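Here is a short briefing on one protein model. Read it beside the sequence and the coordinates.

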Amino acid sequence: MKLNIGCGQYPIKGYINIDKLPKWSEHNYDAWELPYEDNSVDEIYAGHVVEHLPYDKIMDTLKEWNRVLSPAGKVIVVIPDMVKAVEWYKNNQFTFDEVQGIFYGYWKSLDWEEGHHLFVCDEIVRDWMSE
C-alpha cells in the first residue's frame, strides 16, 4: 500500500490519496492519525505537507508514519527549503515577494488555514525523522 499524504489537488495514481480537506480527497485524515495497521504501508509520499502541519503535531506525525510503515518501507518528503529560498533571494534569483510566498505559503489559491505554519529545511526534517 502506498499513501500520498496531503495530496491536495495532486492525486497520484496507484496511491491512496489523503488530505484533511474534503475538497481534495475522499480520505480525510490528519497526517498524525492514520487508520492503517502497524507495518502495513510500503511507501509514504508527503509532498509539501510538513510545512503545513501545526508545530506541536510534527513529532506525532512522524511517529505515526513510522508506525504504519513496513520495515522495508520508505518515506519521501518534499519541502520548500527555507535556506535555499534565502540563497535564491540573495543571488537575485527570486524577488522578496516570491520568497515570502515560499515562507508563508500565501498563494492566491490558499487562505491562512491552508498556509505554512513553520519554516523548515532538509537538515531539520532529517533530524526529526531520526528521532
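Asn39 is found in the loop between β2 and β3; helices (H or I, at least four residues) and strands (E, at least two) are DSSP runs, numbered from the N terminus. Phi of Asn39 is near 60°, a positive value in a residue other than glycine. Most residues other than glycine have a negative phi. The model is predicted: local features need pLDDT of at least 70, side-chain atom pairs count only at pLDDT 80 or more, and totals for chains, interfaces and linings use all residues. Residues are numbered from 1 along each chain as its sequence is written, and side-chain values use heavy atoms, with hydrogens and water left out.

**Positive phi**

- Asn39 is partly exposed, at a relative accessible area of 47%. The classes are buried (under 20% relative accessible area), exposed (over 50%) and partly exposed (in between), with a 1.4 Å probe and protein chains only.
- Asn92 also has a positive phi, about 60°, although it is not a glycine. Its place is the loop between α2 (82–90) and α3 (96–104).
- Asn92 counts as exposed, at 72% relative accessibility.

**Overall make-up**

- The protein chain holds four helices and four strands. From the N terminus on, the elements run β-β-β-α-β-α-α-α.
- Of the 131 residues of the protein chain, 38% count as buried.
- Take the contacts (heavy atoms within 4.5 Å) between residues at least 6 apart in sequence. In the protein chain, 59% of these join residues at least 24 apart.

**The sheet and its helix**

- Four strands form an open sheet in the order β2-β1-β3-β4, and the pairing is parallel. Two strands pair if DSSP finds at least two bridges between them.
- The edge strands are β2 (16–18) and β4 (69–78), and each pairs on one side only.
- From one strand to the next, the twist averages 15°. Axes are lines fitted to C-alpha atoms, for helices over the stretch in contact; angles run from 0 to 180 degrees between N-to-C directions.
- Strand β1 (residues 2–5) pairs with β2 in the parallel sense over three bridges. Leu3 stands opposite Ile16 in β2.
- Helix α1 (residues 58–68) packs on the sheet and touches β1, β3 (41–47) and β4. The direction of α1 makes about 140° with that of β4.
- Leu62 sits in helix α1. Leu62 is buried, with a relative accessible area of 13%. The C-alpha atoms of Leu62 and Val50 are 9.6 Å apart, across 12 residues along the chain.

- Asp19 lies in the loop between β2 and β3. Asp19 is buried yet has no salt bridge. A salt bridge is a side-chain nitrogen of Lys or Arg within 4 Å of a carboxyl oxygen of Asp or Glu.
- For Asp19, the nearest side chain of opposite charge is Lys20, 7.7 Å away. Lys and Arg count as positive and Asp and Glu as negative; His and the chain ends are not counted.
- The side chain of Asp19 reaches the backbone nitrogen of Leu21 at 3.0 Å. Beyond four places away in sequence, Asp19 touches residues including Gly6, Trp24 and Tyr29.
- Asn17 lies in strand β2. Asn17 is buried, with a relative accessible area of 14%.
- A polar atom of the Asn17 side chain lies 3.3 Å from the backbone oxygen of Tyr15. Leaving aside neighbours within four places in sequence, Asn17 is in contact with residues including Asn4, Tyr10 and Ser25.

**Salt bridges**

- A search of the whole structure finds four salt bridges.
- One joins the side chains of Asp38 and Arg67 (2.6 Å, N to O). Asp38 lies in the loop between β2 and β3 and Arg67 in helix α1, so the pair ties together parts that are 29 residues apart in sequence.
- Asp38 is partly exposed at 48% relative accessibility, and Arg67 is partly exposed at 26% relative accessible area.
- Another joins the side chains of Glu43 and Lys74 (4.0 Å, N to O). Glu43 lies in strand β3 and Lys74 in strand β4, so this pair ties together parts that are 31 residues apart in sequence.
- Glu43 is buried, with a relative accessible area of 8%, whereas Lys74 counts as partly exposed at 46%.
- Lys57 and Asp60 also meet through their side chains (3.9 Å, N to O) in a salt bridge.
- Salt bridges that share partners join Asp38, Glu64 and Arg67 into one network.

Notes:
A polar contact is a pair of N or O atoms within 3.5 Å; within protein, one must be able to donate a hydrogen and the other to accept it, and residues adjacent in sequence count only if both atoms are side-chain atoms.
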